[in-house]
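Let's take a walk through this protein together, one region at a time. Keep the structure open beside you as you read.

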Amino acid sequence: MPDTPDAYAPREIAHKVEQLGVAKAQADALSLLVLAVLGGAFIALGALFYLVISTGSTLGFGPTRLLGGLGFSLGLILVVVAGAELFTGNNLLAMAWASKRVATPLLLRHWLLAYAGNVLGAAGCAALAWWAGLDALANGQLGETVLRIAQSKAALSPNEALARGVLCNALVCLAVWLALAGRSVADKVLAIVFPVTAFVAIGAEHCIANWFFLPCAWALDAQGTLALPALAANLAWVTLGNLLGGTLLVAGVYWLAYLRKPAA
C-alpha cells in the first residue's frame, strides 16, 4: 500500500518556511525576475476569472463573492503548484530574516525584484486583456464591472486601503503556509482555496491584483472618472498593508511561536 502520511505539523512548516526563505533570498536576479513576472500574470489570470464569474451575477452579494473568490484562487494555485514568485506570499521570508539567516539587503533585494516582476506580469496581462477586447464580453458588462471595481478601490481612504491590505495578506500568507503543510497537489489546492476565497469575499485588497484591475480600468475609462493620484495612493497603501499583514501577523507570529529559540 502507498504511504499516505499526514500533513506537516505547524512547527515543521515553520522550519520549511525558514529554509525556503534562505534559498529564495539567494536566487539569482534573472531567475527571480522571470518567476515574478509569471507570478504577476498568474494573479492577473485569477483576477480575470473573478471578473467573468461575478459579471452579471444575479445570485446576490454573498454567493457571488463566494464564487468569485473560488475563481480568483486560480492565481495562487498557479503560483504555488506551477511555480512562480509572488511578493505578497514571499513576505514570509521575514522568518528567515528574523532568524538572522538572511541579511537585510538580500531580503529587500528579493522583495523589490519580486514586486517589480509581479507588476510587469499583472500590468502586462491587463494590456493583453485590453488588446483582446475582453471588456466587450457579456455585451460590455465585463468592462463596466472592472470600472466599478477600480472606482471603489480609488475611493477608499488611506486607513481603509491599509487595513484591507493587512487583512488580505494575512490570509494570502496563511494560504501559502497551509499549502506548505500539504504533501500532494490536491492537498495544496484545497489548502489555498478557502483563505483566498475568504479575502476576496470580505473585500480585502491585494496589491498585485490591483496592478491588474487598476491599469485595465484606466485604459477603459473613456469618461476620465479615475484620477491617477487616487490609483497610485491605493497601490501604495495596499502594498504597505500587505507587507504589514504578511510580515507581522503571519511570519512574525509564527517566528515567535516556533523559531525564536535556536534548536537544541
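Predicted model: local features only at pLDDT ≥ 70, side-chain atom pairs only at ≥ 80, totals over all residues.

Start with the second largest pocket, which is lined by 23 residues; nearest its centre lie Leu20, Lys24, Ala84, Asn90 and Val176.

What kinds of residue line the second largest pocket, sorted by class? The lining has 15 nonpolar, 5 polar and 3 charged residues.

Now turn to the largest pocket, with a volume of about 460 Å³. Its lining is made up of 22 residues, and the ones nearest the centre are Tyr50, Arg65, Ile149, Ser152 and Lys153. Two or more residues of this lining come from each of α2 (29-54), α3 (61-83), α6 (141-154), α8 (185-201) and α9 (207-220). The largest share, 5 residues, belongs to α6. By class, the lining of the largest pocket divides into 9 nonpolar, 8 polar and 5 charged residues.

The side chains of Asn210 and Lys153 are joined by a polar contact of 3.0 Å. Asn210 lies in helix α9. Is this asparagine buried or exposed? Asn210 is buried, because its relative accessible area is 1%, and the cut-off for buried is under 20%. Setting aside residues up to four places away in sequence, Asn210 touches Lys153, Glu205, Pro215, Asn234, Leu235 and Val238.

Another asparagine is worth a visit. Asn169 is found in helix α7, and with a relative accessibility of 0% it counts as buried. Which side chain does Asn169 meet in a polar contact? The partner is the side chain of Asn91, at 2.9 Å. Beyond neighbours within four places in sequence, the contacts of Asn169 are Thr88, Gly89, Asn91, Asn242, Gly245 and Gly246.

In soluble globular proteins, nonpolar side chains tend to be buried together. Here, the largest nonpolar core has 75 residues, and the members that touch the most other members are Leu51, Phe72, Leu76, Met95, Phe199, Phe212 and Phe213. The largest share of this core, 11 residues, is supplied by α7.

Not counting residues up to four places away in sequence, Met95 touches Ala14, Val17, Trp177, Ala251, Tyr254, Trp255 and Leu259.

Next, follow the chain to Lys100, in the loop between α4 (94-98) and α5 (104-131). Lys100 is exposed, because its relative accessible area of 78% passes the cut-off of over 50%. How far apart in space are Lys100 and Val22, C-alpha to C-alpha? They are 9.9 Å apart, although 78 residues separate them in sequence.

Leaving aside neighbours within four places in sequence, Gly83 is in contact with Leu35, Leu38, Phe42 and Leu78.

Our last stop is the loop between α5 and α6, where you will find Ala138 and Asn139. As for accessibility, Ala138 is partly exposed, with a relative accessible area of 41%, whereas Asn139 is exposed, at 78%.

Key. Residues numbered from 1 in each chain as written. Heavy atoms only, no water. 1 Å grid on protein atoms, 1.4 Å probe; cavity = no way out; pocket = protein on both sides within 12 Å on 5 of 7 lines; lining within 4 Å. Points joined across faces, edges and corners; volume = space filled by probe spheres on them. Helix = DSSP H or I, 4+ residues; strand = E, 2+ residues; numbered from the N terminus. Nonpolar A, V, L, I, M, F, W, Y, C, P; charged D, E, K, R; others polar. Core = buried A, V, L, I, M, F, W, Y, C linked by side-chain atoms within 4.5 Å. Buried < 20%, exposed > 50% of the residue type's maximum accessible area, 1.4 Å probe, protein only. Contact = heavy atoms within 4.5 Å. Polar contact = N/O pair within 3.5 Å; in protein donor to acceptor, adjacent residues only side chain to side chain.
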